[in-house]
Amino acid sequence: MTVPAQGAASGLARRIIVCLDVRDGRTTKGVRFRENIDVGDPAAMGRFYYEQGADELVFYDITASAEGRGIFLQAVERVAGSLFIPFAVGGGIGTVEDMRRVLLAGAEKVSVNSQAVRRPALIEEGASRFGSQCVVLGLDAARDPESPSGYRVFIDGGRRPTELDALAWAVQAERLGAGEIVLNSIDADGTREGYEIALTRMISAEVGIPVVASGGAGRPEHLAEVLAEARADAALIASMVHFGAYTVREIKQYLAGRGIPVRLE
Amino acid sequence: MQVAVVDYGAGNLRSVEIALRHLGADFASSKRPEDLAPAPRLIVPGVGEARAAMEALEAGGLDRAIRKFVASGRPVLGICLGAQIIFQRSEERDTPCLGLLPGTVRRFPAGLKAAGLKVPHMGWNRVFHRGDHPLLAGIPEGSFFYFVHAYYSEPADPALILATCDYGLRFAAGVARGNLAAFQFHPEKSGPSGLRLLANFLAWEPRERL
């Protein structure tokens, strides 16, 4: 009885995801001169972007100490109570128990990166315990002509090269049960000159799970480019909005004007 | 207590609780049938896999508890996996389900990938109403809701369909009959529209029973 959709085959919007770094329970960058909010409070910042129309948020814990991790979990709980969109948590996740803690604190998704490279079974364990939709692979890649796909996987915050080819690792992660890939280009990261289009297009075309483009966003055109040309399912942004150059809503209005389906309400 | 939430180890229990707390609802989550039975309304949440969910429900006697609750005429809301297991059968590991509504839960066809549509269907998609229902009150036609799923329900009776969504095919985003309503998306993660839907459920006085 299901009838084929008429017109557009899908009403699914491309997602705009805001990424926040958290150290010792405090967000490390923030809009300085807007609204009357505590820019160091992850819950206040999360709420700020929720109200601007962010589709999803990611909180990366860049804390080094064990005490800091406890404070981070408390921050995650406060975030969960202050916004009603999905959010992911990453940074220092190495065991199923680590995953359980952040999910219990109220996160929808857990992002694994270096620890999954060291021990790929982590993805499998997380997916079978909590479901694939919970397990996000963070993949840091940099150009390397000696790697078969032209891109090599790096770990430990992009500092340490691995033996893994970026495309092969993405495909393997999907097979292991990852539900989504956040694909970060080390070459583009911090340049604000645009996402790494070739890398994003290659990985997104090859895997059957959503790919979130990350690294290099500086202007709304960059998001249009990576969502339309590189077929990313979502785009991650950080400094573009943290320093007040744009709001999420302004970016989405621009994308809508370019014919890219976004959630504007 | 205003509403009970069935705790059978499903992934999104915490998110549902947080949204209910935000709405000021007096709720209790429990895995014990005797705790659920006296509640004025019931939510069956869920993220995960149909077979595991049915096994968990059956092991705790929760399948019977849910059936009895629905039969009592009090309002029941299914969310995501909780909206799938109310049908007769799921293609996910060919699992017999609760059979409260006639129909089958199917996997999105493999052909979607060729059309550039990935499975799971993950993200915000537009939901269109079929007629009026108290649970959709105040929610504009075509509002976005957050979905994460690889399976969708195919009701045997089109009259069960309350709302639809397009993802390669048109599927039932919401179904309802009598005192039972269920949605494939996650109202607890769908911003103001989702909170409105949950608030509508908390105020819902069904005029008929399933």
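Predicted model: local features only at pLDDT ≥ 70, side-chain atom pairs only at ≥ 80, totals over all residues.
## The nonpolar core

Let's start inside. The largest nonpolar core holds 163 residues, and those that touch the most other members are A:Val110, A:Ile181 and A:Ala235. In general, nonpolar side chains tend to be buried together in soluble globular proteins.

Beyond its neighbours within four places in sequence, A:Ala235 has contacts with A:Ile16 and A:Ile17, with A:Ala213 and A:Ala217, and with A:Leu223, A:Val226 and A:Leu227.

## Helix α8 of chain A and its surroundings

Helix α8(A) spans residues 220-228.

How does α8(A) pack against α10(A)? The two helix axes are 9 Å apart and meet at an angle of about 50°. Because of that angle, α8(A) counts as oblique to α10(A). Their crossing is right-handed. On the α8(A) side the contact is made by A:Pro220, A:Leu223 and A:Ala224, and on the α10(A) side by A:Ile251, A:Tyr254 and A:Leu255. By class, this contact has six nonpolar residues, with no polar and no charged ones.

## Where the chains meet

Chain B brings 39 residues to the contact between the chains, and chain A brings 34. On the chain B side, at least two residues come from each of α1 (13-22), β8 (121-129), β9 (143-149), β11 (161-167), β12 (169-177) and α6 (191-203). Strand β8(B) gives the largest share, six residues. Sorted by class, the side of chain B that touches chain A has 18 nonpolar, eleven polar and ten charged residues.

One residue of chain A to find here is A:Glu265, in the segment after α10 (248-257). Leaving out residues up to four places away in sequence, A:Glu265 touches B:Ser143 and B:Phe144. Is A:Glu265 buried or exposed? It counts as exposed, because it has 12 C-beta neighbours inside 10 Å. A:Glu265 also pairs up across the sequence: A:Gly53 is 212 residues away along the chain, yet the two C-alpha atoms are 7.6 Å apart.

## Backbone details

In chain B, the peptide bond between B:Val119 and B:Pro120 is cis, with omega about 10°. B:Pro120 sits in the loop between β7 (103-107) and β8 of that chain.

In chain A, which residues have a positive phi without being glycine? A:Asp156 has a phi of about 55°, and A:Arg231 has one near 60°. A:Asp156 lies in the loop between β7 (151-155) and β8 (160-165) of chain A. With 13 C-beta neighbours inside 10 Å, A:Asp156 counts as partly exposed. A:Arg231 belongs to the loop between α8 and β11 (234-237) of chain A. It has 17 C-beta neighbours inside 10 Å and therefore counts as partly exposed too.

Key
Residues numbered from 1 in each chain as written. Chains lettered and ligands numbered in written order. Core = buried A, V, L, I, M, F, W, Y, C linked by C-beta atoms within 7 Å. Buried ≥ 20, exposed ≤ 12 C-beta atoms within 10 Å, placed from the backbone. Contact = placed C-beta atoms within 7 Å. Helix = DSSP H or I, 4+ residues; strand = E, 2+ residues; numbered from the N terminus. Nonpolar A, V, L, I, M, F, W, Y, C, P; charged D, E, K, R; others polar. Axes fitted to C-alpha atoms, helices over the stretch in contact; angles between N-to-C directions. Parallel < 35°, antiparallel > 145°, perpendicular 65-115°, else oblique. Left-handed = near helix turned anticlockwise from the far one by under 90°.
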